[in-house]
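Trainee: I would like a close look at one single part of this model, taken slowly and with the terms spelled out.
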Amino acid sequence: MTPVKKQTGQHNLEPQDQWLSTAVARVRQPIEALFAWIEENTGIECASKVRSYNGLMVHVFGKLAAALFFLELFTS
């Protein structure tokens, strides 16, 4: 889901739309922060050399394993 956007010329959102936008933002923000942290620490988006599904799975799960290693290393 995405937050409700104001229409052209609209100054304020309706109360129910403001509530929905706030609820959506509270759920999305921690998820986006997690993925930003994973990308920052592993470079998981750099998979331009992957040519097969199996290669992609090795790349993704290897990078996630590295992220978990970094998490354990820096939180201990």
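At which residue does helix 1 bend, and by about how many degrees?

Mentor: This is a predicted model, in which local features need pLDDT of at least 70 and side-chain atom pairs count only at pLDDT 80 or more, whereas totals for chains, interfaces and linings use all residues. Residues are numbered from 1 along each chain as its sequence is written, and side-chain values use heavy atoms, with hydrogens and water left out.

Helix 1 bends by about 30 degrees at arginine 28, with proline 30 following within four residues; the bend is the angle between axes fitted to the seven residues ending at a residue and the seven starting there. Helices here are DSSP runs of H or I, at least four residues long, numbered from the N terminus. Helix 1 covers residues 15–42, and its 28 residues should span 40 Å at 1.5 Å a residue, which agrees with the 41 Å between its end C-alpha atoms; the expected span is 1.5 Å times one less than the number of residues.

Arginine 28 also forms a salt bridge with glutamate 32, the closest N and O atoms being 2.8 Å apart, where a salt bridge means a side-chain nitrogen of Lys or Arg within 4 Å of a carboxyl oxygen of Asp or Glu. A search of the whole structure finds one salt bridge. The two residues are four apart in helix 1 and are therefore separated by about one helical turn. Glutamate 32 is partly exposed, at 43% relative accessible area, and arginine 28 is partly exposed at 31%, the class lying between buried (under 20%) and exposed (over 50%), with a 1.4 Å probe and protein chains only.
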